[in-house]
Amino acid sequence: MKSFIAACVVAIVLAIIGDVALNSLQQPADAAFSTQAVRLG
Amino acid sequence: MAKIFAHLRSIAGALTLAFVVAMAAPVSAQQPNSVNPQASAVKEQQLLQQLKTIKGLGTIPDTKSYVLEHPAGRDWREFRTVTLRWIGGIAILGILAVLIIFYLWRGMVKIESGRSGRLIVRFNAFERFVHWMTATCFIILAISGLNITFGRPLLLPLIGAQAFTDWSQWAKYAHNYLSFPFTIGVVLIFLMWIAGNIPNKVDVEWFKRGGGMVGHDHPPAYRFNGGQKAIYWIVVLGGTAVAVSGYVLMFPFYGTDIDSMQYAEMVHAVIAMLFIAAMLGHIYIGTIGMEGAFEAMGEGTVDVNWAKEHHSLWLEDEKARTGPDQSQRQPMATPAE
């Protein structure tokens, strides 16, 4: 049971790390696919 | 004088008529011979086949946006909405039907000599941790992935648009981010158990004798029998394929174009469906299909008689390695007073 619980906890932690890492790297689509000359918002 | 003006009017009218007729003729001549978009019977499919893509000009950096119509996308949509649903439906419902029929015919494979009460360690804590991390991620990935293919036609009518939207949004987040522990788990499984999962002659004999599934035969096996080795390689190879194609999808247009992304989705979806079908068989045999099997991954230990009947060669190796009788006696339950 302990292995199962540890597995679930680690899976969630790794998923959160992935979330934080990707969100810090990735631009939103409206910024990624435009130039600075485009007026956004 | 009046007659001259009458003749002039006739000549001017004839020339005007001739001019109009002459201008009309080249207009029809400019259209392609095989397609006349002015005709009411023109077919869109025919028009699209005349032009591989319909592409305009643009100024933004994303050059993919210049393509306005991508006819191959219609083939991809047909695959996603029709072909893939047939593949998934047949594979998953088919395996469920086979398992139900098999269970009704064979029942649970029992420990024929009964439990000895003595236990032997089969999987250590780290092995069980890696297995359960991969397995729980797989379950959530499978359910959220099936929602992408089947959710709209099957679930949306049941729960309504708003609930389906909310569920699908969270399911997709889970699908994306649980891919990381799943991939790590597949890599660890590959490294951890590669030594015991190389196919050999014992596995050929095991398959020839039906793996002990038919009748009361107990073909010998080492730590992993032929069926388990098949599951191992399905996990490693299938897991690698869905991970690679999945990350191509998660990082769109990093070195890929529209066609490549469509191919990646097709590979990801088909392999995932077959993967789910295979894992349903694995879950069956590890739970209701065989007495004593779940304990191996649940607690890490198995009954010695279970090991004798299903993995006799492994048990002999373990006894030779650890000593004649290192098995633990199963703790007896103390009755409440």
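Helices (H or I, at least four residues) and strands (E, at least two) are DSSP runs, numbered from the N terminus. The views below come from a predicted model, in which local features need pLDDT of at least 70, side-chain atom pairs count only at pLDDT 80 or more, and totals for chains, interfaces and linings use all residues. Residues are numbered from 1 along each chain as its sequence is written, while chains are lettered from A and ligands numbered from 1 in the order in which they are written.

**View 1. The two chains.** Chain A carries 2 helices and 0 strands, and chain B carries 12 helices and 5 strands. Buried residues (20 or more other C-beta atoms within 10 Å of their own, with C-beta atoms placed from the backbone) make up 12% of the 41 residues in chain A and 20% of the 337 residues of chain B.

**View 2. Where chain A meets chain B.** Two residues are in contact if their C-beta atoms, placed from the backbone, lie within 7 Å. On that basis, 14 residues of chain A and 15 residues of chain B take part. The chain A side divides into 9 nonpolar, 4 polar and 1 charged; here Ala, Val, Leu, Ile, Met, Phe, Trp, Tyr, Cys and Pro count as nonpolar, Asp, Glu, Lys and Arg as charged, and the others, Gly among them, as polar.

**View 3. H1(A) crossing H4(B).** The axes (lines fitted to C-alpha atoms over the stretch in contact, with angles from 0 to 180 degrees between N-to-C directions) come within 8 Å and cross at roughly 50°. That angle makes H1(A) oblique to H4(B), oblique being what remains after under 35 degrees (roughly parallel), over 145 (roughly antiparallel) and 65 to 115 (roughly perpendicular). Look for Phe4(A) and Val10(A) among the residues of H1(A) in this contact, and for Phe129(B), Trp132(B) and Met133(B) among those of H4(B). By class, the contact has 11 nonpolar, 2 polar and 1 charged residues.

**View 4. Helix H6(B) and its neighbours.** H6(B) spans residues 179-193 and reaches 21 Å from its first C-alpha to its last, close to the 21 Å expected at 1.5 Å a residue, taken as 1.5 Å times one less than the number of residues. Its buried residues include Phe180(B), Ile189(B) and Trp193(B). The buried residues pack against H1 of chain A together with H4, H5 and H8 of chain B.

**View 5. Phe253(B) in its loop.** Phe253(B) is found in the loop between H8 and helix H9 (258-286) of chain B. Its phi is near 65°, a positive value in a residue other than glycine. With 14 other C-beta atoms within 10 Å, Phe253(B) is partly exposed, a class between buried and exposed (12 or fewer).
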